[in-house]
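Subject: Structure handover and findings

Hello,

I am passing on the structure we discussed, together with my notes on it. Please read the notes with the structure open beside them.

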Amino acid sequence: MTSPVWHPYAHLKTQAPAPRVVGGQGTRFTLDSGESLLDATCSWWCMIHGYGHPRLVKAIQEQAATLCHVMLGGLTHDPADQLARELVRVTPEGLNHVFFSDSGSVGMEVAMKMAVQYHHLRGRPNKHRMLSLMKAYHGDTAGCMAVCDPEEGMHSLFSGFLPQHHFAPAPTAPYAATPEQVAADLDALRAVLEAHHHEIAALLMEPLLQAAGGLNMTSPDYLKGARALCDEFDVLLVFDEVATGFGRTGRMFAADHAGVSPDIMVLSKGLTGGYLGHAATLANDRVHDTFIGDSELHAFMHGPTFMGNPLACRVALESLRVFEEDDYLGRIARLNAILVQELARDSDLRAHPAVADIRVLGATGVIEVHDSKALKGAAAIAREQGVWLRSFGRWLYTMPAYITSDEEMHQIIKAMKAPFTANA
């Protein structure tokens, strides 16, 4: 019998039947056939602790016995208050105010509305456009689609429906670039700001790692330069750390590599270790205090039903405790060392005619090919080796759980290389 579930990003005419997952433990999930697969994608980059982590499961169970949900409108509860305090503690300095929502996309919608209202309250209602980067991906809701790459992104069909924003070229200087190499990227950003700053409320950026837009990896010096330009042109700086937050780039947050603090930061995915949907939009005092006033317009009119959900807040608190107590940054450094040695430094793989580039940052590794046809069958080949991999477009990547062992990391990398070595 055909399932009534409508799957995401699927071509309905050609999609294969989806494997049915019946359980998961550690880095692996189990299918109804009994097949066990090592998850190399961290279930869309969020299951940083793996499946069935006893402390996270227990946290949800204990909270469920006390309070599953209550509206945050006019009320509060301990898990929300405690999580907000912890997020202020671990995020870059100055992000002292936390607005909860229920997904990364909604968290970004909150950030954009916050930026527009901030300028309006300061008497600059004309600053109501966003500035985003080419190769950007910020989510699938309408507001987020409008700030995703309008050319190579997945939402071009909706161009007539979406509001028009501004875009700067995607930075090209890699992570290890010198300040001189980054200068051209910052000049391009400056040019857009000089021309349009009078109507730009905020610069939106996935710092260091543009994830779903092609796993583009950029320099910390670009973040520093962007911070200075935003200050110069009275534009808020918004970091979308939905994918990069909680260790993915090798630091707790991508912003930490550059030692800069945005005006607004959005977190999700690893926030709860993937165990429940939740998001947080953090703002600094400058943004938050602008909303303190007497008019009706000073109220921030946004309130997702499940914002600050007690279950999600409680498991997020436990996720952060596990992260810090079990030295996840040390674990990520070990995973990175293996990725660098076995993937990034593989000269034979780099020389393969189908391979355009190989990039590694933190616990992320990607093989970019010239033509997406080169990745046809890559997922099936990996599955034969006991690994769950999903390519998209011209990119085959891994973002493993941080509990992944050295042996499992070797297994993942071997599966990633298999499509290029099968006929060698």
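This is a predicted model: local features need pLDDT of at least 70, side-chain atom pairs count only at pLDDT 80 or more; totals for chains, interfaces and linings use all residues.

Salt bridges

The structure holds 22 salt bridges. One of them pairs E318 with R55, with 2.8 Å between the closest N and O atoms.

E318 has other partners within its own helix. With R314 it forms a salt bridge at 3.4 Å, N to O. Both residues lie in helix α10, four residues apart, which is about one turn of the helix. R314 is buried, because its relative accessible area of 19% falls under the 20% limit. The side chain of R321 also meets that of E318 in a salt bridge, here at 3.2 Å, N to O. R321 and E318 are separated by about one helical turn, because they are three residues apart in helix α10. At a relative accessible area of 32%, R321 is partly exposed. Salt bridges with shared partners join R55, K58, E62, R314, E318, R321 and E325 into one network. As background, side chains of opposite charge can pair when their charged atoms come close.

Second largest pocket

The second largest pocket holds about 260 Å³ of space. It is lined by 14 residues, and those closest to its centre are P174, Y175, M217, R359 and V360. Strands β9 (216–217) and β13 (355–361) each supply at least two residues of this lining. β13 gives the most, with five residues.

Y9, W44 and M154 make a nonpolar surface patch of about 340 Å². W44 lies in helix α1 (residues 42–45). Its relative accessibility is 40%, so W44 counts as partly exposed.

C42 lies in helix α1 as well. This residue is not a glycine, yet C42 has a positive phi of about 60°. C42 is buried, given a relative accessible area of 1%.

Helix α4

Does the length of α4 agree or disagree with what its residue count predicts? The helix runs over residues 104–121, and at 1.5 Å a residue its 18 residues should span 26 Å. The C-alpha atoms at its ends are 26 Å apart, so the two values agree. The expected span uses one less than the number of residues.

α4 is mostly covered, with 14 of its 18 residues buried. A111 lies in this helix, and its relative accessible area of 0% means that A111 is buried. Between A111 and Y397 the distance is 28 Å in space, C-alpha to C-alpha, and the two are 286 residues apart in sequence. Just after α4, G123 takes a positive phi of about 85°.

Two loop residues

K135 is found in the loop between β5 (129–133) and α5 (142–145). Its phi is near 70°, a positive value in a residue other than glycine. K135 is partly exposed, with a relative accessible area of 33%.

M399 sits in the loop between β17 (395–398) and α14 (406–421). M399 is buried, its relative accessible area being 0%. In sequence M399 and R248 are 151 residues apart, while in space they are 7.9 Å apart, C-alpha to C-alpha.

Regards

Notes. Residues are numbered from 1 along each chain as its sequence is written. Side-chain values use heavy atoms; hydrogens and water are left out. Buried means under 20% relative accessible area, exposed over 50%, partly exposed in between (1.4 Å probe, protein chains only). Patches are made of residues with over 30% relative accessible area and no salt bridge: like charges are joined within 9 Å, nonpolar side chains (Val, Leu, Ile, Met, Phe, Trp, Tyr) within 5 Å. Accessible areas come from the Shrake-Rupley method with a 1.4 Å probe; for residues, only the protein chains shown count as cover. A salt bridge is a side-chain nitrogen of Lys or Arg within 4 Å of a carboxyl oxygen of Asp or Glu. On a 1 Å grid over the protein atoms alone, a cavity is a set of points where a 1.4 Å probe fits but cannot get out, and a pocket is an open set with protein on both sides within 12 Å along at least five of seven lines; lining residues have an atom within 4 Å of a point. Grid points are joined across faces, edges and corners, and a volume is the space filled by probe spheres set on the points.
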